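This report describes selected features of one structural model, taking helices, a ligand shell and individual residues in turn.

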Amino acid sequence: MKHKFIELINDYMSHLYDDALSAELDAAMNYSLSAGGKRIRPVLLLTTLEMCGEKAASGLSAAAAIEMIHTYSLIHDDLPAMDDDDYRRGKLTNHRVYGEATAILAGDGLLTDSFYHVMSDETLTAEVKVELVRIISRAAGSRGMVGGQMLDMAAEHRQLTRAEMEEVHLHKTGDLIRACFLCAGVIARLDDTAMAQLHDLGTKVGLLFQIKDDILDVEGSLEEMGKTAGSDAQNDKATYVTLLGLPAAKQAMTDVYHEAVELVSQLTENCTSMMELLDYIVARTK
Ligand code: GRG
(Lines give C-alpha, C1' and ligand atoms only; values in the text may rest on other atoms or scores of the structure.)
Protein backbone atom coordinates (compact mmCIF):
# COMPACT_ATOMS: atom_id res chain seq x y z
CA MET A 1 0.00 0.00 0.00
CA LYS A 2 1.36 3.42 -0.98
CA HIS A 3 0.15 6.13 1.39
CA LYS A 4 1.54 9.45 2.59
CA PHE A 5 1.49 8.24 6.24
CA ILE A 6 3.33 4.94 5.74
CA GLU A 7 6.82 6.43 5.93
CA LEU A 8 5.93 8.40 9.06
CA ILE A 9 4.52 5.27 10.72
CA ASN A 10 7.40 3.00 9.67
CA ASP A 11 10.00 5.51 10.78
CA TYR A 12 8.28 5.91 14.15
CA MET A 13 7.91 2.16 14.60
CA SER A 14 11.54 1.48 13.71
CA HIS A 15 12.49 3.14 17.02
CA LEU A 16 10.10 1.20 19.26
CA TYR A 17 12.75 -1.32 20.22
CA ASP A 18 16.09 0.48 20.42
CA ASP A 19 17.23 -0.56 23.89
CA ALA A 20 17.10 -4.33 24.19
CA LEU A 21 17.07 -6.25 27.45
CA SER A 22 17.20 -9.39 25.32
CA ALA A 23 18.54 -8.88 21.79
CA GLU A 24 16.90 -12.14 20.68
CA LEU A 25 13.46 -11.06 21.90
CA ASP A 26 13.77 -7.63 20.26
CA ALA A 27 14.89 -9.27 17.03
CA ALA A 28 11.81 -11.52 17.11
CA MET A 29 9.46 -8.58 17.77
CA ASN A 30 11.11 -6.40 15.13
CA TYR A 31 11.03 -9.27 12.63
CA SER A 32 7.24 -9.35 12.64
CA LEU A 33 6.77 -5.60 13.11
CA SER A 34 8.74 -4.97 9.94
CA ALA A 35 7.63 -8.00 7.89
CA GLY A 36 5.61 -6.01 5.34
CA GLY A 37 2.21 -5.46 6.98
CA LYS A 38 -0.03 -3.00 5.17
CA ARG A 39 -0.30 -0.71 8.24
CA ILE A 40 -3.98 -0.19 7.49
CA ARG A 41 -4.86 0.31 11.18
CA PRO A 42 -2.31 3.07 11.85
CA VAL A 43 -3.21 4.74 8.56
CA LEU A 44 -6.91 4.67 9.52
CA LEU A 45 -6.14 6.22 12.91
CA LEU A 46 -3.99 9.04 11.51
CA THR A 47 -6.45 9.69 8.67
CA THR A 48 -9.35 9.93 11.15
CA LEU A 49 -7.34 12.47 13.14
CA GLU A 50 -6.69 14.50 10.01
CA MET A 51 -10.39 14.32 9.15
CA CYS A 52 -11.11 15.77 12.62
CA GLY A 53 -8.75 18.68 11.94
CA GLU A 54 -5.95 17.40 14.20
CA LYS A 55 -2.26 16.82 13.48
CA ALA A 56 -1.75 13.21 12.39
CA ALA A 57 1.46 12.96 14.44
CA SER A 58 -0.51 13.28 17.70
CA GLY A 59 -1.86 9.77 17.06
CA LEU A 60 1.44 8.00 16.46
CA SER A 61 1.75 6.34 19.88
CA ALA A 62 -1.81 4.96 19.76
CA ALA A 63 -1.37 3.93 16.13
CA ALA A 64 1.86 2.08 16.96
CA ALA A 65 0.21 0.43 19.99
CA ILE A 66 -2.62 -0.91 17.84
CA GLU A 67 -0.17 -2.17 15.22
CA MET A 68 1.85 -3.88 17.99
CA ILE A 69 -1.30 -5.65 19.16
CA HIS A 70 -2.24 -6.60 15.60
CA THR A 71 1.29 -8.00 15.13
CA TYR A 72 1.12 -10.01 18.35
CA SER A 73 -2.21 -11.49 17.27
CA LEU A 74 -0.71 -12.66 13.98
CA ILE A 75 2.35 -14.19 15.67
CA HIS A 76 0.16 -16.14 18.09
CA ASP A 77 -2.37 -17.03 15.38
CA ASP A 78 0.39 -18.69 13.33
CA LEU A 79 1.64 -20.89 16.22
CA PRO A 80 1.34 -24.70 15.97
CA ALA A 81 -1.36 -24.69 18.68
CA MET A 82 -3.45 -22.33 16.56
CA ASP A 83 -3.29 -22.17 12.74
CA ASP A 84 0.15 -23.77 12.50
CA ASP A 85 1.32 -21.66 9.54
CA ASP A 86 4.83 -21.64 8.12
CA TYR A 87 4.48 -18.47 6.08
CA ARG A 88 2.90 -15.05 6.50
CA ARG A 89 3.24 -12.14 4.10
CA GLY A 90 5.49 -14.40 2.01
CA LYS A 91 8.04 -14.78 4.84
CA LEU A 92 8.62 -17.52 7.40
CA THR A 93 6.38 -17.09 10.44
CA ASN A 94 7.88 -15.87 13.69
CA HIS A 95 8.04 -19.29 15.39
CA ARG A 96 9.63 -20.85 12.27
CA VAL A 97 12.52 -18.38 12.60
CA TYR A 98 12.85 -17.90 16.37
CA GLY A 99 11.20 -21.03 17.79
CA GLU A 100 7.86 -21.40 19.51
CA ALA A 101 8.82 -20.25 22.99
CA THR A 102 10.40 -17.02 21.74
CA ALA A 103 7.44 -16.37 19.42
CA ILE A 104 5.05 -16.67 22.37
CA LEU A 105 7.17 -14.21 24.35
CA ALA A 106 7.45 -11.85 21.36
CA GLY A 107 3.64 -11.74 21.21
CA ASP A 108 3.36 -11.24 24.97
CA GLY A 109 5.99 -8.50 24.83
CA LEU A 110 4.26 -6.63 22.01
CA LEU A 111 0.88 -6.76 23.73
CA THR A 112 2.10 -5.50 27.08
CA ASP A 113 4.53 -2.96 25.64
CA SER A 114 1.72 -1.42 23.60
CA PHE A 115 0.04 -0.11 26.75
CA TYR A 116 3.32 1.06 28.26
CA HIS A 117 4.06 2.85 25.02
CA VAL A 118 0.82 4.86 25.06
CA MET A 119 1.18 5.69 28.76
CA SER A 120 4.73 6.97 28.11
CA ASP A 121 3.65 9.48 25.45
CA GLU A 122 4.45 12.84 27.02
CA THR A 123 2.61 14.80 24.34
CA LEU A 124 -0.78 13.51 25.54
CA THR A 125 -2.58 14.35 28.78
CA ALA A 126 -3.06 11.67 31.46
CA GLU A 127 -6.81 11.80 30.90
CA VAL A 128 -6.48 11.13 27.17
CA LYS A 129 -3.95 8.31 27.72
CA VAL A 130 -6.19 6.50 30.22
CA GLU A 131 -9.09 6.66 27.78
CA LEU A 132 -6.88 5.38 24.93
CA VAL A 133 -5.70 2.40 27.00
CA ARG A 134 -9.30 1.69 28.05
CA ILE A 135 -10.45 1.63 24.40
CA ILE A 136 -7.52 -0.39 23.08
CA SER A 137 -7.54 -2.98 25.88
CA ARG A 138 -11.28 -3.51 25.54
CA ALA A 139 -10.91 -4.00 21.77
CA ALA A 140 -8.03 -6.45 22.15
CA GLY A 141 -9.23 -8.58 25.05
CA SER A 142 -11.79 -11.26 25.84
CA ARG A 143 -14.69 -8.95 24.89
CA GLY A 144 -12.92 -8.03 21.66
CA MET A 145 -10.33 -9.65 19.40
CA VAL A 146 -9.37 -12.52 21.73
CA GLY A 147 -13.05 -13.30 22.39
CA GLY A 148 -13.70 -13.26 18.63
CA GLN A 149 -10.81 -15.64 18.04
CA MET A 150 -12.25 -17.98 20.68
CA LEU A 151 -15.69 -17.92 19.01
CA ASP A 152 -13.98 -18.64 15.70
CA MET A 153 -12.18 -21.65 17.17
CA ALA A 154 -15.37 -22.95 18.75
CA ALA A 155 -17.12 -22.65 15.38
CA GLU A 156 -14.65 -24.83 13.53
CA HIS A 157 -16.75 -27.94 13.49
CA ARG A 158 -20.22 -26.62 12.90
CA GLN A 159 -22.00 -24.50 10.33
CA LEU A 160 -22.55 -20.90 11.50
CA THR A 161 -25.50 -18.73 10.61
CA ARG A 162 -24.77 -15.37 8.97
CA ALA A 163 -25.45 -13.57 12.26
CA GLU A 164 -23.03 -15.85 14.13
CA MET A 165 -20.36 -15.44 11.45
CA GLU A 166 -20.76 -11.64 11.61
CA GLU A 167 -20.41 -11.72 15.37
CA VAL A 168 -17.07 -13.56 15.03
CA HIS A 169 -15.84 -11.03 12.45
CA LEU A 170 -17.07 -8.00 14.35
CA HIS A 171 -14.92 -8.97 17.32
CA LYS A 172 -11.98 -10.82 15.80
CA THR A 173 -11.23 -8.17 13.16
CA GLY A 174 -13.69 -5.35 13.69
CA ASP A 175 -13.04 -4.28 17.25
CA LEU A 176 -9.38 -3.37 16.71
CA ILE A 177 -10.24 -1.48 13.51
CA ARG A 178 -13.01 0.42 15.27
CA ALA A 179 -10.57 1.25 18.08
CA CYS A 180 -8.48 3.21 15.53
CA PHE A 181 -11.44 5.54 14.91
CA LEU A 182 -12.29 5.86 18.60
CA CYS A 183 -8.69 6.60 19.61
CA ALA A 184 -8.52 9.37 17.03
CA GLY A 185 -11.78 10.80 18.39
CA VAL A 186 -10.40 10.79 21.94
CA ILE A 187 -7.18 12.53 20.90
CA ALA A 188 -9.23 15.10 18.96
CA ARG A 189 -11.49 15.50 22.04
CA LEU A 190 -14.70 15.00 20.10
CA ASP A 191 -18.08 15.27 21.83
CA ASP A 192 -20.34 12.27 22.49
CA THR A 193 -22.35 12.74 19.31
CA ALA A 194 -19.27 12.74 17.10
CA MET A 195 -17.82 9.78 19.04
CA ALA A 196 -21.00 7.81 18.36
CA GLN A 197 -20.66 8.61 14.65
CA LEU A 198 -17.04 7.42 14.69
CA HIS A 199 -18.14 4.28 16.50
CA ASP A 200 -20.60 3.48 13.69
CA LEU A 201 -18.10 4.34 10.98
CA GLY A 202 -15.40 2.20 12.63
CA THR A 203 -17.80 -0.75 12.83
CA LYS A 204 -18.67 -0.41 9.13
CA VAL A 205 -15.04 -0.14 8.08
CA GLY A 206 -14.16 -3.25 10.09
CA LEU A 207 -16.93 -5.12 8.33
CA LEU A 208 -15.87 -3.78 4.95
CA PHE A 209 -12.27 -4.88 5.57
CA GLN A 210 -13.37 -8.37 6.59
CA ILE A 211 -15.75 -8.96 3.67
CA LYS A 212 -12.97 -7.91 1.29
CA ASP A 213 -10.58 -10.24 3.12
CA ASP A 214 -12.98 -13.15 2.67
CA ILE A 215 -13.36 -12.34 -1.04
CA LEU A 216 -9.57 -12.10 -1.50
CA ASP A 217 -9.16 -15.39 0.30
CA VAL A 218 -11.41 -17.28 -2.05
CA GLU A 219 -10.23 -15.47 -5.18
CA GLY A 220 -6.65 -16.34 -4.15
CA SER A 221 -7.46 -20.03 -3.79
CA LEU A 222 -9.41 -20.06 -7.04
CA GLU A 223 -6.41 -18.57 -8.82
CA GLU A 224 -4.11 -21.14 -7.24
CA MET A 225 -6.36 -23.95 -8.37
CA GLY A 226 -6.60 -22.53 -11.88
CA LYS A 227 -10.36 -22.36 -11.65
CA THR A 228 -12.84 -19.58 -12.39
CA ALA A 229 -15.02 -17.68 -9.99
CA GLY A 230 -18.26 -19.47 -9.20
CA SER A 231 -16.71 -22.91 -8.82
CA ASP A 232 -16.62 -24.77 -5.52
CA ALA A 233 -13.07 -23.92 -4.51
CA GLN A 234 -14.05 -22.82 -1.02
CA ASN A 235 -13.09 -24.43 2.23
CA ASP A 236 -15.71 -25.09 4.90
CA LYS A 237 -14.79 -22.16 7.14
CA ALA A 238 -17.66 -19.74 7.70
CA THR A 239 -16.96 -16.57 5.73
CA TYR A 240 -19.12 -14.15 3.77
CA VAL A 241 -18.25 -16.09 0.65
CA THR A 242 -18.91 -19.59 1.98
CA LEU A 243 -22.23 -18.51 3.50
CA LEU A 244 -23.51 -16.13 0.82
CA GLY A 245 -21.61 -17.16 -2.33
CA LEU A 246 -19.19 -14.86 -4.19
CA PRO A 247 -21.69 -12.60 -6.02
CA ALA A 248 -23.75 -11.94 -2.86
CA ALA A 249 -20.57 -11.34 -0.82
CA LYS A 250 -19.48 -8.75 -3.40
CA GLN A 251 -22.91 -7.13 -3.21
CA ALA A 252 -22.70 -7.07 0.61
CA MET A 253 -19.31 -5.36 0.32
CA THR A 254 -20.70 -2.74 -2.07
CA ASP A 255 -23.63 -2.08 0.29
CA VAL A 256 -21.35 -1.66 3.32
CA TYR A 257 -19.02 0.58 1.27
CA HIS A 258 -21.91 2.93 0.42
CA GLU A 259 -23.06 2.99 4.05
CA ALA A 260 -19.52 3.89 5.15
CA VAL A 261 -19.28 6.65 2.51
CA GLU A 262 -22.57 8.08 3.76
CA LEU A 263 -21.33 8.07 7.38
CA VAL A 264 -18.09 9.83 6.40
CA SER A 265 -19.94 12.56 4.54
CA GLN A 266 -22.22 13.10 7.55
CA LEU A 267 -19.17 13.54 9.80
CA THR A 268 -17.25 16.21 7.94
CA GLU A 269 -16.62 17.93 4.64
CA ASN A 270 -12.91 17.35 5.12
CA CYS A 271 -13.21 13.77 3.97
CA THR A 272 -11.17 13.19 0.79
CA SER A 273 -8.44 11.13 2.49
CA MET A 274 -10.93 8.90 4.31
CA MET A 275 -12.92 8.35 1.11
CA GLU A 276 -9.66 7.35 -0.64
CA LEU A 277 -8.99 4.83 2.12
CA LEU A 278 -12.44 3.28 1.74
CA ASP A 279 -11.74 2.96 -1.99
CA TYR A 280 -8.39 1.34 -1.22
CA ILE A 281 -9.97 -1.21 1.15
CA VAL A 282 -12.44 -2.28 -1.52
CA ALA A 283 -9.90 -2.34 -4.37
CA ARG A 284 -6.93 -3.87 -2.54
CA THR A 285 -5.42 -7.05 -3.94
CA LYS A 286 -3.72 -8.30 -0.72
C1 GRG B 1 -4.30 -15.25 18.43
C2 GRG B 1 -4.99 -13.55 20.16
C3 GRG B 1 -5.09 -14.06 18.81
C4 GRG B 1 -5.91 -13.43 17.94
C5 GRG B 1 -5.96 -13.79 16.56
C6 GRG B 1 -6.25 -11.28 14.14
C7 GRG B 1 -6.43 -12.70 14.50
C8 GRG B 1 -6.98 -12.99 15.83
C9 GRG B 1 -6.04 -13.71 13.69
C10 GRG B 1 -5.38 -13.54 12.41
C11 GRG B 1 -6.07 -14.32 11.35
C12 GRG B 1 -6.94 -13.49 10.53
C13 GRG B 1 -6.91 -13.69 9.06
C14 GRG B 1 -7.73 -12.62 11.11
C15 GRG B 1 -8.65 -11.74 10.44
C16 GRG B 1 -8.09 -10.38 10.58
C17 GRG B 1 -7.19 -10.08 9.47
C18 GRG B 1 -7.81 -9.92 8.15
C19 GRG B 1 -5.90 -9.98 9.70
C20 GRG B 1 -4.93 -9.59 8.67
O21 GRG B 1 -4.85 -8.19 8.73
P22 GRG B 1 -4.07 -7.34 7.65
O23 GRG B 1 -4.56 -7.72 6.30
O24 GRG B 1 -2.60 -7.88 7.85
O25 GRG B 1 -4.17 -5.91 8.02
P26 GRG B 1 -1.20 -7.22 7.45
O27 GRG B 1 -0.34 -8.39 7.04
O28 GRG B 1 -1.39 -6.24 6.33
O29 GRG B 1 -0.69 -6.55 8.68
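The sections below set out the basis of the description and then the features themselves.

## Basis of the model

The structure is a predicted model, in which local features need pLDDT of at least 70 and side-chain atom pairs count only at pLDDT 80 or more, while totals for chains, interfaces and linings use all residues. Residues are numbered from 1 along each chain as its sequence is written.

Helices (H or I, at least four residues) and strands (E, at least two) are DSSP runs, numbered from the N terminus. A residue is termed buried if 20 or more other C-beta atoms lie within 10 Å of its own, exposed if 12 or fewer, and partly exposed in between, with C-beta atoms placed from the backbone.

Helix H3 (40–51) has 12 residues and reaches 16 Å from its first C-alpha to its last, close to the 16 Å expected at 1.5 Å a residue. The expected span of a helix is 1.5 Å times one less than its number of residues. Because 12 of the 12 residues of H3 are buried, H3 is largely enclosed by the rest of the structure. Among the buried residues of H3 are Arg41 and Glu50, as well as Pro42 and Thr47. Gly53, with a positive phi near 80°, follows H3.

Helix H4 (residues 60–77) has 18 residues, and its reach from first to last C-alpha is 25 Å, close to the 26 Å expected at 1.5 Å a residue. H4 is mostly covered, with 17 of its 18 residues buried.

## The ligand shell

The ligand is surrounded by 15 residues, of which the closest are Gly37, Lys38, Ser73, His76 and Asp77. A residue is near a molecule or strand, by the criterion applied here, if its C-beta atom, placed from the backbone, lies within 6 Å of it. Two or more residues of the shell come from each of H4, helix H8 (145–154) and helix H9 (162–187). H4 gives the most, with 4 residues.

By class, the shell divides into 5 nonpolar, 5 polar and 5 charged residues. In this classification Ala, Val, Leu, Ile, Met, Phe, Trp, Tyr, Cys and Pro count as nonpolar, Asp, Glu, Lys and Arg as charged, and the others, Gly among them, as polar.

## Packing of H12 against H13

Two packed helices are described by the angle between their axes and the distance between the axes. The axes of helix H12 (residues 246–267) and helix H13 (residues 272–283) come within 10 Å and cross at roughly 170°. H12 is therefore roughly antiparallel to H13. Axes are lines fitted to C-alpha atoms, for helices over the stretch in contact, and angles run from 0 to 180 degrees between N-to-C directions. Angles under 35 degrees count as roughly parallel, over 145 as roughly antiparallel, 65 to 115 as roughly perpendicular and the rest as oblique.

On the H12 side, the contact is made by Met253, Tyr257, Ala260, Val261 and Val264, and on the H13 side by Met274, Met275, Leu278 and Val282. Two residues are in contact if their C-beta atoms, placed from the backbone, lie within 7 Å. The contact of H12 with H13 has 9 nonpolar, no polar and no charged residues. Glu259 also has its place in H12; this residue is partly exposed, with 15 other C-beta atoms within 10 Å.

Most residues other than glycine have a negative phi, and most peptide bonds are trans. Arg39 has a positive phi near 65° and is located in the loop between helix H2 (23–33) and H3. Arg39 is partly exposed, with 19 other C-beta atoms within 10 Å.

Asp84 also has a positive phi, of about 55°, although it is not a glycine. Asp84 is in the loop between H4 and strand S1 (87–88), and is exposed, with 11 other C-beta atoms within 10 Å.

Ala140 lies in helix H7 (residues 126–140) and counts as buried, with 24 C-beta neighbours inside 10 Å. Leaving aside neighbours within four places in sequence, Ala140 is in contact with Ile69, Met145, Val146 and Leu176. Ala140 and Ser73 are 67 residues apart in sequence, and their C-alpha atoms are 9.1 Å apart in space.

Asp121 lies in the loop between helix H6 (100–119) and H7 and is partly exposed, with 18 C-beta neighbours inside 10 Å. Beyond neighbours within four places in sequence, Asp121 is in contact with Ser61 and Lys129.
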